[in-house]
Amino acid sequence: MPSKIADIRLVASHPEVYEPCDDSFALVDALLSDRANLLKHQPSLCLEIGCGSGYVITSLALMLEQETNNGIHYFATDINPDAVAVTSETLKAHGVHAEVMNMDIASGLEDRLAGLVDVVVVNPPYVPTPEDEVGQGGIVASWAGGEDGRSVIDRILPVADKLLSEKGWLYMLTLAANKPLELCGLMRRKGYASKIIVQRSTEEESLHVIKFWRDPDSEVQIKKAAANRGNPTSVFSRFSLLSFSGNGNASSK
Amino acid sequence: MRLLTHNMLSSTIKGVSNGFPLTIEAAKVVEKQVDMNSDFLKNIFSKIEWKPFVEAAKTLGFSELPEEDVQPSLLDSHEFLTKFHHALLEIHLEEGALVCPETGRKFPVNKGIPNMLLLEDEV
Ligand SMILES: C[S@@+](CC[C@H](N)C(=O)[O-])C[C@H]1O[C@@H](n2cnc3c(N)ncnc32)[C@H](O)[C@@H]1O
């Protein structure tokens, strides 16, 4: 039986809310390709940051719903008040539930939900723009990413690190301009391994979905290497080669 | 908004040292039936701040949760699990507000969605 994802005809819309697009589809495809792993992972709490229309969180809930009471609970946040309303409608139209909240990244959840989230998914505002477009709100907030499209991404990563449980996974969509290698390096220094699980070029953009997971080894290696060489950049370049060994579409973790 | 969510939300206004728990002002409460999953309840139990949870449930009109001596052994009781499940996942704050315990600032809840956005001078 093919697994279910959100039906685009049932996704609610609003002029100020980002409509599912190539990036949204790439992220959902990445989750689908990793679905068997996700089911084995037995997540308990999942969170989407920047849920927009609700297409991604609804798809995640549908694809993991093997039985009705599987004990998986979903949270979704967005900074745009119209987006949270639309997400709520999209979820309802598909008969699934997520707790939807209007907030900046996960500001109100960081304390109490720290270390409890098993899956975080993010399709951030990733388009390089002048810095003053970031935080303008409305539809602009759905794409305006500041320098290298990294302004919001760079604020999300430490939050995701804080929220993720020991076994937690982060799925993040990025654009080539966001310097995905550098992002992997940043997360490596926080103790995460990473892998690109979907790579896709459209006419306008080259998109990657990166999966991050805590890897005790990488933390140790980083410390050792830093101590031996006192030169973090060499660690970084070595790591880049390793991490980018996989290419093309879905492969397991 | 479920009480599970209430138990995970804090006020992060600048200068607030402890923004948890938020007080609830309830204008409309709805109940939605959900199948019970005991494993989830057993796992989440130790993460719940119990007193605020009991208070919140009372504010929403459910006062059958035990207040004292809440031990993990209670999780063996089907009766307890049923009540815990109901309060945690089935009762929703649909309309109302969440109030910051230190500043009294109200975060509105409309159509079950809390608005935790801060104003510029609150960040
Ligand atoms: C590229 S859109 C993705 C929408 C949807 N997840 C999808 O894949 O179709 C990015 C979303 O992030 C939201 N967003 C931007 N900045 C945010 C922030 N600081 N906190 C929370 N959400 C934010 C935007 O409002 C927008 O809905």
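These legends go with close-up views of a predicted model.

**View 1. The ligand and the residues around it.**

View 2. Start with Asp104(A): a polar atom of its side chain sits 2.7 Å from a nitrogen atom of the ligand. Asn123(A) also uses its side chain, placing an N or O atom 2.8 Å from an oxygen atom of the ligand. With Ile79(A) it's the backbone that counts, as one of its N or O atoms is 3.2 Å from a ligand nitrogen. How much of the ligand does the protein bury? On its own the ligand would expose 590 Å², and the protein buries 97% of that.

**View 3. The second largest pocket, with lining from chains A and B.** This pocket holds about 760 Å³ of space. Its lining is made up of 33 residues, and those nearest the centre are Gly95(A), Val96(A), His97(A), Ala98(A) and Arg2(B). Which elements supply at least two residues each to the lining? In chain A, look for strand S2 (73-78), helix H4 (81-93) and strand S3 (99-102); in chain B, look for helix H4 (78-90) and strand S2 (91-99). H4(A) gives the most, with three residues. By class, the lining splits into 12 nonpolar, 13 polar and eight charged residues.

**View 4. Thr58(A) in helix H3 of chain A.** Thr58(A) belongs to H3, which covers residues 55-64. Is this residue buried or exposed? Thr58(A) is buried, because its relative accessibility is 0%. A polar atom of the Thr58(A) side chain lies 2.7 Å from the backbone oxygen of Gly54(A).

**View 5. Helix H6 of chain A and the glycine that follows.** H6(A) takes in residues 180-189, and its buried residues are Pro180(A), Leu183(A), Cys184(A), Gly185(A), Met187(A) and Arg188(A). After the helix comes Gly191(A), with a positive phi near 95 degrees.

**View 6. A cis peptide bond in chain B.** Most peptide bonds are trans. The one from Phe20(B) to Pro21(B) is cis, with omega near -5 degrees. You'll find Pro21(B) in the loop between H1 and strand S1 (23-31) of chain B.

View 7. Most residues other than glycine have a negative phi. Asp69(B) isn't a glycine, yet its phi is positive, near 50 degrees. This residue is in the loop between helix H3 (50-59) and H4 of chain B. Asp69(B) counts as exposed because its relative accessible area is 67%. Lys111(B), not a glycine either, has a positive phi of about 50 degrees. Lys111(B) sits in the loop between strand S3 (106-110) and strand S4 (113-114) of chain B. At 65% relative accessibility, Lys111(B) is exposed.

**View 8. His6(B) in helix H1 of chain B.** His6(B) is part of H1, residues 3-6. With a relative accessibility of 2%, His6(B) counts as buried. How far apart are His6(B) and Asp69(B) in sequence and in space? They're 63 residues apart along the sequence and 22 Å apart from C-alpha to C-alpha.

Conventions: Residues are numbered from 1 along each chain as its sequence is written. Chains are lettered from A and ligands numbered from 1 in the order in which they are written. This is a predicted model: local features need pLDDT of at least 70, side-chain atom pairs count only at pLDDT 80 or more; totals for chains, interfaces and linings use all residues. Side-chain values use heavy atoms; hydrogens and water are left out. On a 1 Å grid over the protein atoms alone, a cavity is a set of points where a 1.4 Å probe fits but cannot get out, and a pocket is an open set with protein on both sides within 12 Å along at least five of seven lines; lining residues have an atom within 4 Å of a point. Grid points are joined across faces, edges and corners, and a volume is the space filled by probe spheres set on the points. Helices (H or I, at least four residues) and strands (E, at least two) are DSSP runs, numbered from the N terminus. Ala, Val, Leu, Ile, Met, Phe, Trp, Tyr, Cys and Pro count as nonpolar, Asp, Glu, Lys and Arg as charged, and the others, Gly among them, as polar. A polar contact is a pair of N or O atoms within 3.5 Å; within protein, one must be able to donate a hydrogen and the other to accept it, and residues adjacent in sequence count only if both atoms are side-chain atoms. Accessible areas come from the Shrake-Rupley method with a 1.4 Å probe; for residues, only the protein chains shown count as cover. Buried means under 20% relative accessible area, exposed over 50%, partly exposed in between (1.4 Å probe, protein chains only).
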